[in-house]
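Subject: Handover of a structure and notes on its features

Dear colleague,

Please find the structure below for your own study. My notes follow it, arranged from the whole chain down to single residues.

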Amino acid sequence: MGDYDDDTAFLGQTGPYFWTTFFLLNTVFVSTGFNGFYIVFIGASPEHRCLIPDVNLTAAWREAIIPVTLADGHQAHSQCRRYKLDVIRNLSEQGLAPGRDVNLTGLEQEGCLDGWSYSKDIYQANIVTEWDLVCDDQWKVPFASSTLFVGYLLGSLISGQLSDRFGRKKIVFISLAAQCISIILQSFSQSWRMFCITFLFVGASQISLYISAFVLGTEMLTKTLRVVFTTLGAFLFYCIGYMMLPWIAYGIREWRTLLAVLSATTVVYIPLWWFIPESPRWLITQGRMAEAEAIVRDAARRNGVEPPLVIFRRSESLHPGKTYTMLDVLRSKNLRCITLMCLVLWMATNVGYFGLSLNTSNLSGNPFMNCFLSATTEVPAYVLSTWLLKKCARRALLSTFLFIGGGVLLLIQFIPAHLEYVALALEMAGKFGFTMAFSIVYIYTAEIYPTVLRNVGMGMCSSAARIGSITAPYVIYLGTYDKVLPYILMGSLTIASSVVNFFLPETLNRDLPETLDQMQECQGLCSGPKKKKCVENGGSGHPAKQHEAKCDTA
């Protein structure tokens, strides 16, 4: 086939057809926004203490049975221990008063043998209160969060192959249906294990939906709208969904009902089946020329232009070049060093981004407002990064925002406890920095790798990103031992990655490399004499390819 963009140039760069497709596809990303972080609320741990059964205790002893401990520099009632019930009952029956007649510090303690009582000031019910995921079982909450990101990893590995075989549009709507069914099944979970298994499918279907919709938009839109779609549109509509989540959760405090409502929102996407067409590019690769032409002629009608008699012209068959694999990355010292540094960058960025996103329920103040603020900080970050990428050097830009994101997190440990709003502002500044880095690292990495290895390199980096997101819940879990430990770990890792980034080559105002021979060398210890190597050109250096590489692994 000839060049698709040239063959369809008569449609123009904008018009009713392209704008309608742009907005309809972007609405799909709203669902990925509010379905991605509901674990923040349904997995939050409310105030709790040992449940005291209905036994004969005086009011004084019923209050004193819970030991007072030191937590984060403040005295508070223990959440996991109580004084031994039989001993307290005997002392109460003898008429002794706690503190006056009995020294409480010498009394024997025991665990919460009768369960826990939970505060309902914020959450009426969630998975923590239903399955007692506290104290010795507290680790089950970050494990459940990690299953979502394991699903992301699995979904990102199979979604591309499925959409290549069955079509972009079909996989978008199959993923929507799978996401809806997975969430509704999750709302009926009868155990923590069932919740985790269904959460795995939620993650797989959600990332499959994101990637398939991203690819569909990239292939259908013109060059002008494609850039806006891939660098701004999808991210902003994702943020809209993310910002909607805390208000939905604020109105629905019971977790099963919340999941049922979130699942039901998928129904609004059913009519889109009749308005979003299949990708003509994909149809052409499948030899379905008549269907592709019908879609393009409909686009011409809606844009008010006259299509030519023959839209797609045939040309000489193209001979495919060499197929590259991950093994090719290991054969060159320069490639090994660049890939290793990119893996560190992607992992550190994802640990910080998802760590801060999942931590909003642990911050001081209203958890719903904290989540909303965390989502809101992403909007200016995406807009600003899109603008800066047109003018600024990628290496300095990425290192700057990684340093900002990590630096403010390291400052949080020095903020006095009574200045909680200062600590909150610093965390939001850190989220802004990580979001900026998150959006920059995609396009920077795509510009570093040559066309023949771009998909392979981006795929490896995407896998490292998933590993980072899987570990993020456990980084936040460290806060149960020391409140500032997650900030120190995320901040240190990010600062280190900002330094590593300086050894990568600069890509601003440079043509996209097409072959290994055209690839730039990294700086510092890994640099060395460049080895001449003849490689067959395996693809185009067109800027659109950069975005296609991004969307295949987003």
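Two residues are said to be in contact when they have heavy atoms within 4.5 Å of each other. Among the contacts in the protein chain with a separation of 6 or more, 80% join residues 24 or more positions apart.

Before you read further, please note that this is a predicted model, in which local features need pLDDT of at least 70 and side-chain atom pairs count only at pLDDT 80 or more, while totals for chains, interfaces and linings use all residues. Residues are numbered from 1 along each chain as its sequence is written, and side-chain values use heavy atoms, with hydrogens and water left out.

The whole chain

The protein chain has 22 helices and 6 strands. Both are DSSP runs numbered from the N terminus, with at least four residues (H or I) for a helix and at least two (E) for a strand. Of the 554 residues in the protein chain, 54% count as buried. Buried means under 20% relative accessible area, exposed means over 50%, and partly exposed lies in between, using a 1.4 Å probe and protein chains only.

Helix H15

How far apart are the end C-alpha atoms of helix H15? They are 37 Å apart, which agrees with the 38 Å that the 26 residues of H15 (residues 333-358) should span at 1.5 Å a residue. The expected span is 1.5 Å times one less than the number of residues. In H15, 20 of the 26 residues are buried, so this helix is largely enclosed by the rest of the structure.

Pairs of helices

For each pair, the axes are lines fitted to C-alpha atoms over the stretch in contact, and the angles run from 0 to 180 degrees between N-to-C directions. Angles under 35 degrees count as roughly parallel, over 145 as roughly antiparallel, 65 to 115 as roughly perpendicular, and the rest as oblique.

Helix H7 (residues 140-166) packs against helix H9 (residues 192-220) at an angle of about 40°, and their axes are 6 Å apart. H7 is therefore oblique to H9. The residues of this contact comprise 15 nonpolar, 11 polar and 1 charged. Here Ala, Val, Leu, Ile, Met, Phe, Trp, Tyr, Cys and Pro count as nonpolar, Asp, Glu, Lys and Arg as charged, and the others, Gly among them, as polar.

Helix H2 (residues 16-36) and helix H13 (residues 289-303) cross at roughly 110°, and their axes come within 7 Å. This makes H2 roughly perpendicular to H13. On the H2 side, Pro16, Tyr17, Phe18 and Thr20 meet Ile295, Ala299, Arg302 and Asn303 of H13. The residues of the contact divide into 5 nonpolar, 2 polar and 1 charged.

Helix H16 (residues 367-376) and helix H17 (residues 378-388) have axes that come within 4 Å and cross at roughly 5°. H16 is therefore roughly parallel to H17. Ser374, Ala375 and Thr376 of H16 make the contact with Glu378, Val379 and Pro380 of H17.

Single residues

Proline 280 belongs to helix H12 (residues 280-285). Is proline 280 buried or exposed? Proline 280 has a relative accessible area of 2%, so it is buried. Not counting residues up to four places away in sequence, proline 280 touches Tyr4, Met220, Ala292, Ile295 and Val296.

Glycine 115 sits in the loop between strand S5 (109-111) and strand S6 (116-118). Glycine 115 counts as buried because its relative accessibility is 13%. Apart from neighbours within four places in sequence, glycine 115 is in contact with Arg49, Cys50 and Leu51.

Alanine 76 is placed in strand S3 (residues 74-77). With 32% relative accessibility, alanine 76 counts as partly exposed. Its contacts, leaving aside neighbours within four places in sequence, are Pro67, Val68 and Thr69.

Most residues other than glycine have a negative phi. Aspartate 132, which is not a glycine, has a positive phi of about 50°. Aspartate 132 lies in the loop between helix H6 (127-131) and H7, and it counts as partly exposed at 25% relative accessibility. Cysteine 135 has a positive phi of about 55° and is found in the loop between H6 and H7. At 15% relative accessibility, cysteine 135 counts as buried.

Yours sincerely
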